[in-house]
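Hello,

Here is the structure to go with your reading, followed by notes on what was found in it. Please keep it open while you go through them.

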Amino acid sequence: MKLKYYGTAAYEGFPALFCACDACKRARAAGGRNIRSRSQALINDELLIDFPADTAMRFLYGDLPLPELRHCLITHKHSDHFYPMDVVARCPVFAYPETEDPMHFYLPENCEKELALRLSEQPDGGRVKLHTVKPFDVFNVAGIYTVTALPAHHSAEAVFYMIEDGEKRILYAHDTGSFLPEAQEFFKKEKPHFDFVSYDCTYGLDDNGSHHMGFPVVLRMDEMLRECGCVDSKTVRYINHFSHNGKVTYDEMVPIAKKHGIGVAYDGLTVRI
Ligand SMILES: [Zn+2]
Ligand SMILES: [Zn+2]
Ligand SMILES: [Zn+2]
């Protein structure tokens, strides 16, 4: 299994749009991995996680294989994860060939309603198919992946995903604050072993677990998963989804996370699991 991070920032990007704060200035001056675009990842070149506005740029200037993709998981309604205006571009007139060859979107109900409304304004020709996702739903994607949606401590109907391909199992924990009691109960009861975990680290070094996580909360959630047997010495762990409000650039975060054996995601990073 492999996962490529296409975008690793929160809504405003990092440096943030219109911002001249100290963290943004340091990120811009350092450049390279310190520059982060909005949240998106791709598993095994075929299973997309989230669809922000920055998706278009990854197709135009990068290697995101949009015409070939048929499956996308959406975590929640925030625009750094879900930009329905550009999903419409898969409809006839905008994308060829105009045959019924759907791209499947798996998404919470509030996202589904919004996307369905946009699609209703188009002759969609069966090119986009929607599947509602609720917390604790388990569903198959592409006949390969078993996906479990878990309730996120974040916004209305938000979920994060556990994804298995028959050999490996990953946890992509974005966006969420400290795991909700019902999610923790799930880990304690089911004890799924993760080969890879990607933790939310929006708040940088702040000890804050409300709607997102800071690094001290990541370490506590990691310890909780370790106690459940979900994480062990073989688990590859990364932190992701950074904001200037966390005040830590990539270069500044790497040595701190390294002490705990945790990697720091950056735009374009591919992790082989
Ligand atoms: Zn986000
Ligand atoms: Zn800033
Ligand atoms: Zn969000």
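Which residues are linked with Asp 22 in a network of salt bridges? The network joins Asp 22, Arg 26 and Glu 252. A salt bridge here is a side-chain nitrogen of Lys or Arg within 4 Å of a carboxyl oxygen of Asp or Glu.

First, some conventions. This is a predicted model, in which local features need pLDDT of at least 70 and side-chain atom pairs count only at pLDDT 80 or more, while totals for chains, interfaces and linings use all residues. Residues are numbered from 1 along each chain as its sequence is written, chains are lettered from A and ligands numbered from 1 in the order in which they are written, and side-chain values use heavy atoms, with hydrogens and water left out.

Salt bridges

The count comes to 14 salt bridges. In one of them, the closest N and O atoms of Asp 22 and Arg 26 are 3.3 Å apart. Both residues belong to helix α1 (residues 22-30) and sit four residues apart, about one turn of the helix. Helices (H or I, at least four residues) and strands (E, at least two) are DSSP runs, numbered from the N terminus. Asp 22 counts as exposed because its relative accessibility is 54%, and Arg 26 counts as partly exposed at 30%. The cut-offs are under 20% relative accessible area for buried and over 50% for exposed, with partly exposed in between (1.4 Å probe, protein chains only).

Asp 54 and Arg 38 form another salt bridge, at 2.8 Å from N to O. Asp 54 is in the loop between β3 (47-49) and α2, and Arg 38 is in the loop between α1 and β2 (40-43), so the pair ties together parts that are 16 residues apart in sequence. Both Asp 54 and Arg 38 are buried.

Arg 70 and Asp 101 also form a salt bridge, with their closest N and O atoms 2.6 Å apart. Arg 70 lies in the loop between α2 and β4 (71-73) and Asp 101 in the loop between α3 and β5, so this pair ties together parts that are 31 residues apart in sequence. Arg 70 is partly exposed at 22%, and so is Asp 101 at 29%.

The largest pocket

A pocket is an open set of points on a 1 Å grid over the protein atoms alone, where a 1.4 Å probe fits, with protein on both sides within 12 Å along at least five of seven lines; lining residues have an atom within 4 Å of a point. The largest pocket holds about 470 Å³ of space, the volume being the space filled by probe spheres set on the points, which are joined across faces, edges and corners. It is lined by 21 residues, and the closest to its centre are Leu 66, Pro 67, Ala 89, Arg 90 and Ala 95. Helix α2 gives the most to this lining, with four residues.

Backbone

Most residues other than glycine have a negative phi, and most peptide bonds are trans. A cis peptide bond joins Tyr 96 and Pro 97, with omega about 0°; Pro 97 is in the loop between α3 and β5. Another cis peptide bond joins His 174 and Asp 175, with omega about -20°. Val 93 has a positive phi, near 85°, and is found in the loop between α3 and β5.

Regards
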